[in-house]
Amino acid sequence: MLRISALGYTVHPYSDQGKHGNKIQLDSGTRIFLYQLVGTWGQLLFPRPWKEFRLWYDSHKAKGTKPFLQGMVTTGWYKKMGERIWTPWFIQFIHTRGYFNIYTNFLHERALSVSHRDAGVNYGKTEGPDSYLLDEKSLDFNLFEMQPLNNLKWYDFCFREVLPNRILRNFKEIDSTLHFVQKVDTIILVSLYRSTSEALIRNLLCHFERLNIRNYIFVGPNSTFLLDLARRGHPVIDADQFFDSTRAYMRSRESNLELMKEFWVKAFLIKRCLEQKYNMWVVVPDMIPVSDDSFLESFDPNTDFYVGDVNKFLFIRGSSTAQEIWDDDFMFIAALVMNNNDSGSSDGSNFGYMVGKLLEKKGAKKVDEKNFGMNIISSSSSLSSRSNANVTSLFSSVEGGKKVAFWSGETNPGLVEKRLKELGLWIVDGDSSCTAVVCHPS
């Protein structure tokens, strides 16, 4: 069921307040769509989001917070006009909560409200009406024909289409999502198992956004956080339901059900990626990309499997040889090893570690992440936190242009956050929202 994320309805034509945004592409049959920006004129707000905003606003005002959101022209408005305008505050609230606004597209500059743009606060001289008021005589369509919410188009601040509630729940739903998200035949599977900090995951997403990395899928047990990621347009796999849909495939009984859920969902996804000739990274949120090619192929093309030494990532090449190795027998042997492991160590329940051990017997190479990244905990490099810093050049100056920052999953999240702030790599605010809206050409 689609979770509702609409905050209100704008009867005035839409406008772009994100810097460098894309031109919206709507077909002539689209009458209603959702866009993340709130309207400043002709805005009707639903009661619940408005009450939620007022409580949020009072809380942030009391803390002395300013509605500064890099990449939005409204930040400049606030710096010039201050509390005389409320729009920057509401845009910051929308950005934090992941809400969208309903807009109309009646063509031929028709709208349900008109601004005559008279001389005054906003205009030095009278500009005249910005649209034509829709009336009964001009109707050439059924005004009351409404589409279901899940059939409408959704767009973010940059006019980039968003696909909310992409939740994979069974094996049949895999192919279309893999094809949609893959980039240069590569998929990044981000595991949410045993992750201790939602803020660290949000920070990772902000780096994905900054670098225009979109070929990722999150996988984890059903949770409010997983569903919220899906609501905001991030593709996710509900491991609980996905596992139930494939359980008939199993040949053995599991003594550790939760561990086996994680194993089989990841194993099946890897198998399907290899059948589609896609490369796959299996990672945990214990690394951050600092360049847009961080997860593109960069290993010896003659080796099909790589295993990370510190955070146990897996890189699997979409080759025929890898597909032959990752067959049903290998998956069942790996499942048996994980299911029977009773070491109690964190490595013993780590998918990358346990599967990597088996793959090493088949030619997989272990990789020291320091060859292409920097361990932010053990590195002696240190930088003071600087606002508005260019993160890529900042990081390059630290450690010779490494592609990722990483740390051990056993590190205290508070220490990780502190270190990322020192390096200028912490780019979320107090609400765990990105500090900037970054638009990329579509």
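Trainee: At what angle do helix H4 and H8 pack?

Mentor: Helices (H or I, at least four residues) and strands (E, at least two) are DSSP runs, numbered from the N terminus. Axes are lines fitted to C-alpha atoms, for helices over the stretch in contact, and angles run from 0 to 180 degrees between N-to-C directions. In this predicted model, where residues are numbered from 1 along each chain as its sequence is written, local features need pLDDT of at least 70, side-chain atom pairs count only at pLDDT 80 or more, and totals for chains, interfaces and linings use all residues. Side-chain values use heavy atoms, with hydrogens and water left out. Here helix H4 (residues 174-181) packs against H8 at about 65 degrees, the axes being 11 Å apart. H4 is therefore roughly perpendicular to H8; angles under 35 degrees count as roughly parallel, over 145 as roughly antiparallel, 65 to 115 as roughly perpendicular and the rest as oblique.

Trainee: Which residues of H4 and H8 make the contact?

Mentor: Contact means heavy atoms within 4.5 Å. H4 contributes Ile174, Asp175 and Leu178, and H8 contributes Leu269, Arg272 and Cys273. By class, the residues of this contact of H4 with H8 are four nonpolar, no polar and two charged. Ala, Val, Leu, Ile, Met, Phe, Trp, Tyr, Cys and Pro count as nonpolar, Asp, Glu, Lys and Arg as charged, and the others, Gly among them, as polar.

Trainee: At what angle do the axes of helix H8 and helix H10 cross?

Mentor: The axes of helix H8 (residues 257-275) and helix H10 (residues 328-340) cross at roughly 160 degrees and come within 10 Å. H8 is therefore roughly antiparallel to H10. Residues of H8 including Phe263, Trp264 and Phe268 meet a set in H10 that includes Met331, Phe332 and Met338. The residues of the contact of H8 with H10 comprise 11 nonpolar, one polar and two charged.

Trainee: Is Arg317 buried or exposed?

Mentor: Buried means under 20% relative accessible area, exposed over 50%, partly exposed in between (1.4 Å probe, protein chains only). Arg317 has a relative accessible area of 6%, so it is buried. Arg317 sits in the loop between strand S16 (314-316) and helix H9 (320-325).

Trainee: What does the side chain of Arg317 reach?

Mentor: A polar contact is a pair of N or O atoms within 3.5 Å; within protein, one must be able to donate a hydrogen and the other to accept it, and residues adjacent in sequence count only if both atoms are side-chain atoms. The Arg317 side chain reaches the backbone oxygen of Asp300 at 2.8 Å. Asn279, in strand S13 (residues 279-283), is buried at 8% relative accessible area, and its side chain reaches the backbone nitrogen of Gly318 at 2.8 Å.

Trainee: What is phi of Phe159?

Mentor: Most residues other than glycine have a negative phi. Phe159 has a positive value, near 60 degrees, in the loop between strand S7 (154-155) and strand S8 (161-162). Val184, also not a glycine, has a positive phi of about 50 degrees and lies in the loop between H4 and strand S10 (186-191). Phe159 is buried at 8% relative accessible area, whereas Val184 is exposed at 59%.
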